Amino acid sequence: MEIIEDIAKMQAKAEELIIEKATRGFVPTMGALHEGHLSLARRSVEENGVTIMSVFVNPAQFMPGEDYDSYPRTWDEDLHLAEEVGVDIVFHPTAGQMYPPRRQTTVQVHELTKNLCGMSRGLGHFIGVTTVVAKLLNIVRPTTAYFGQKDAQQALVIQRMVIDLNFPVKISVCPIVREDDGLALSSRNRNIPADLRPRALALREGLSLGREMIRNRVYDAQSLFNAMCVHILRDDAIELDYLHIVSPETLDDVDKVDDIVLIAGAIKIGGVRLIDNILVGPGGPWED
Ligand code: AMP
């Protein structure tokens, strides 16, 4: 496995791979790798001649007061795991290289970023995400890039950006990987205080309750919202950041579940922010 830390070297390598006509799968990550990341990497390895994974904790997508400093960093273990699943190249640029002085360009997807994480973290979060992903796609030049449904809004925003700006890349969105008890895997799970870990399931349980209610033909969004909130907030260790029932295409709130909806939420537990979501409609699916 090759480790490339320099942008110019990564660009030269991308050029070489293009000349060789290799199919190039790309898995952008912020490191602290877990099975969620590895599922994307495995899929890329299966589907492409070459797999490139980036490991870059992107300062631009953390808002002031968020957990940039305490975000888990496990570089040695990341390398080991990436190699184990067959990643060919790890691209690991420095923040100084990615964000040189005098820069003044960003990329913004306007409508899809207004709700959910865009509302709770601020518009700057997604400007940070789209700008770094646009830069990474330009540097790595993959044929397919892999994103997780865990960050449903992010995947949708990236798909929009790629269409709007004509990036010659296919975006592949992969299912959420969970712990045995159902908690969505996240690098931030490492920062949940051990005594609070079982209670971190509250959001997942709330989402599952919403799905069960829809199965029992409760379609009124306000009723679903109320019941899910009551469940999640039963535990005083949990702070609810947001919970929305939205159209999976526009991310606008819906009043009624008359088609597939995305139910997406974010909680804080022990100072750690966790997100999760579920796609469900009047006809299911009733399981992930
Ligand atoms: P991150 O390192 O958190 O920025 O995540 C990198 C990529 O992995 C993103 O596309 C995420 O959506 C994806 N990802 C993170 N957690 C999971 C998970 N539990 N299941 C599937 N994909 C995930």
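1. Helix 2 gives the largest share of the shell around the ligand, 3 residues. The model is a predicted one.

2. Where does the ligand sit? The ligand sits in the largest cavity.

3. The shell around the ligand holds 17 residues. Met30, His37, Asp151, Val177 and Leu185 are the closest. By class, the shell has 9 nonpolar residues, 6 polar and 2 charged.

4. One oxygen atom of the ligand lies 2.6 Å from a side-chain N or O atom of Asp151. Asp151 is also among the closest residues of the shell. For Gly148, a backbone N or O atom is 2.9 Å from an oxygen atom of the ligand. For Leu185, a backbone N or O atom is 2.9 Å from a nitrogen atom of the ligand. Leu185, too, is listed with the closest residues.

5. How much of the ligand does the protein cover? On its own, the ligand has 480 Å² of accessible area, and the protein covers 93% of that.

6. Next, Arg273. This residue lies in strand 9, which spans residues 272-280. Is Arg273 buried or exposed? Its relative accessibility is 14%. Buried means under 20%, so Arg273 counts as buried.

7. Which side chains does the side chain of Arg273 contact? One is that of Ser120, through a polar contact of 2.9 Å. Another is that of Asp241, where the polar contact is 2.7 Å. A buried Arg273 thus has polar contacts with the side chains of Ser120 and Asp241.

8. Last, His34. This residue lies in the loop between strand 2 and helix 2. His34 has a relative accessible area of 15%. The cut-off for buried is under 20%, so His34 is buried.

9. How far apart are His34 and Thr23 in sequence and in space? In sequence, the two are 11 residues apart. In space, they are 25 Å apart, C-alpha to C-alpha.

Notes
Residues numbered from 1 in each chain as written. Predicted model: local features only at pLDDT ≥ 70, side-chain atom pairs only at ≥ 80, totals over all residues. Heavy atoms only, no water. Near = heavy atom within 4 Å. Polar contact = N/O pair within 3.5 Å; in protein donor to acceptor, adjacent residues only side chain to side chain. Areas by Shrake-Rupley, 256 points an atom, 1.4 Å probe, with all protein chains shown as cover. 1 Å grid on protein atoms, 1.4 Å probe; cavity = no way out; pocket = protein on both sides within 12 Å on 5 of 7 lines; lining within 4 Å. Sits in = over half its atoms within 2 Å of the grid points. Helix = DSSP H or I, 4+ residues; strand = E, 2+ residues; numbered from the N terminus. Nonpolar A, V, L, I, M, F, W, Y, C, P; charged D, E, K, R; others polar. Buried < 20%, exposed > 50% of the residue type's maximum accessible area, 1.4 Å probe, protein only.
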